[in-house]
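This report walks through one protein model.

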Amino acid sequence: MNPESSELPPLTWPEFTDETARLAWWRACVQAWREQWNNPAPVAPVNAKEIDALEQRLGCALPPLLRRYHETLGALELAERLCSVTPAKYASIEPLLAAYPGIHDILEGVSDAASQWALVNQLIAFGDYLGNGNLWCFHRETGEVWYFDHDSSPMLTQIFTDVGQYLDVLMFKCLLEAHGEEDNEDLLREHLGDEVVEKWMY
């Protein structure tokens, strides 16, 4: 282990007493993920002014826990890829339609296109599942987290009530791999249910 290594968190779903405890667990999970690699992607906290500039571009605030994540950790390459606060090709936090313009083709001629467009226009992409075009988005008004699936119906599925819940699960996925159990979905299925896991990962 490297000199920065710390004790590997146990493979259990945590119960947080406050936001500080949650952020500390996220940090421990990120560190556990990074220790698997010889040249890990950096932990790169983002300057608050860069987040302010992003919010100006978006016309809305980031969900508070997503902002705190980027201000304190900022690591993007984990068990899944998080989008960058600063502009980056194919991987910026940006409106869903900007991240995946092909939605025009998906919704062409669809009977409920108007209602789907209304939702699409409220969604901001903040996570890229595995670089395969499926994206995690937050709703600019409610903060709910939606999964955009360009391959299969439904195209949009609400999975989490807020970004913090998604980040908790992402950190748990990092722990699964750090413990050498990346193929063990049982704990994810127990926590999320089979329907969510099937939609997300298959």
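**A loop position and its partners**

Ala 44 sits in the loop that links H1 and H2. The model is a predicted one. Ala 44 has a relative accessible area of 36%, so the residue counts as partly exposed. Beyond four places in sequence, Ala 44 touches His 70, Leu 73, Gly 74 and Ala 75. Asp 149 is 105 residues from Ala 44 along the chain, and their C-alpha atoms are 28 Å apart.

Gly 74, one of those partners, comes just after H3 and has a positive phi of about 75°. Most residues other than glycine have a negative phi.

**Helix H3**

Helix H3 covers residues 64-72. Which of its residues are buried? They are Leu 65, Leu 66, Arg 67, Tyr 69 and His 70. An α-helix has 3.6 residues a turn, so residues three or four places apart point the same way.

What do the buried residues of H3 pack against? The helices are H1 (19-34), H2 (48-58) and H7. The strands are E1 (81-82), E3 (123-128) and E4 (135-139).

Arg 67 belongs to helix H3. Is Arg 67 buried or exposed? Its relative accessible area is 18%, under the 20% limit, so Arg 67 counts as buried. Setting aside neighbours within four places in sequence, Arg 67 contacts Ala 48, Ile 51, Asp 52, Glu 55 and Leu 62. Ala 48 and Arg 67 are 19 residues apart in sequence. Their C-alpha atoms are 8.7 Å apart in space.

**Helix H7**

Helix H7 runs over residues 163-178 and contains Asp 168. Asp 168 is buried, at 13% relative accessibility. Which residues does Asp 168 contact, leaving aside neighbours within four places in sequence? They are Trp 13, Phe 16, Arg 22, Trp 25 and Trp 26.

Cys 174 is also found in helix H7. Cys 174 is buried, at 0% relative accessibility. His 191 is 17 residues from Cys 174 along the chain, with 15 Å between the two C-alpha atoms.

**Cysteines**

A disulfide is a covalent bond between the sulfur atoms of two cysteines. How many disulfides does the model hold? The count is zero. The test asks for two cysteine sulfur atoms within 2.5 Å. For Cys 29, the nearest cysteine sulfur is that of Cys 174, at 7.0 Å, so Cys 29 is in no disulfide. For Cys 137, the nearest cysteine sulfur is that of Cys 83, at 8.5 Å, so Cys 137 is in no disulfide either. Both Cys 29 and Cys 137 are buried.

The table gathers the accessibility values quoted for single residues.

| Residue | Relative accessible area | Class |
|---|---|---|
| Cys 29 | 0% | buried |
| Ala 44 | 36% | partly exposed |
| Arg 67 | 18% | buried |
| Cys 137 | 0% | buried |
| Asp 168 | 13% | buried |
| Cys 174 | 0% | buried |

**A cis peptide bond**

Where does the loop between strand E5 (145-148) and strand E6 (156-160) place its proline? Pro 154 lies in that loop. The peptide bond joining Ser 153 and Pro 154 is cis, with omega about 0°. Most peptide bonds are trans.

**The whole chain**

The protein chain has nine helices and six strands. Its radius of gyration is 17 Å. A compact globule of 202 residues would have a value near 17 Å, so the two agree. Along the principal axes, the C-alpha atoms fill a box of roughly 55 × 40 × 35 Å.

Of the 202 residues, 45% count as buried. Consider contacts in the chain with a separation of 6 or more: residues 24 or more positions apart account for 57% of them.

The chain exposes about 10300 Å². Carbon and sulfur atoms supply 49% of that area. The chain carries 13 positive and 33 negative charges.

How values were computed:
Residues are numbered from 1 along each chain as its sequence is written. This is a predicted model: local features need pLDDT of at least 70, side-chain atom pairs count only at pLDDT 80 or more; totals for chains, interfaces and linings use all residues. Side-chain values use heavy atoms; hydrogens and water are left out. Buried means under 20% relative accessible area, exposed over 50%, partly exposed in between (1.4 Å probe, protein chains only). Helices (H or I, at least four residues) and strands (E, at least two) are DSSP runs, numbered from the N terminus. Contact means heavy atoms within 4.5 Å. The radius of gyration is taken over C-alpha atoms; the globule rule is 2.2 Å times the number of residues to the power 0.38. Accessible areas come from the Shrake-Rupley method with a 1.4 Å probe; for residues, only the protein chains shown count as cover. Lys and Arg count as positive and Asp and Glu as negative; His and the chain ends are not counted. The place of a charge is taken as NZ of Lys, CZ of Arg, CG of Asp or CD of Glu.
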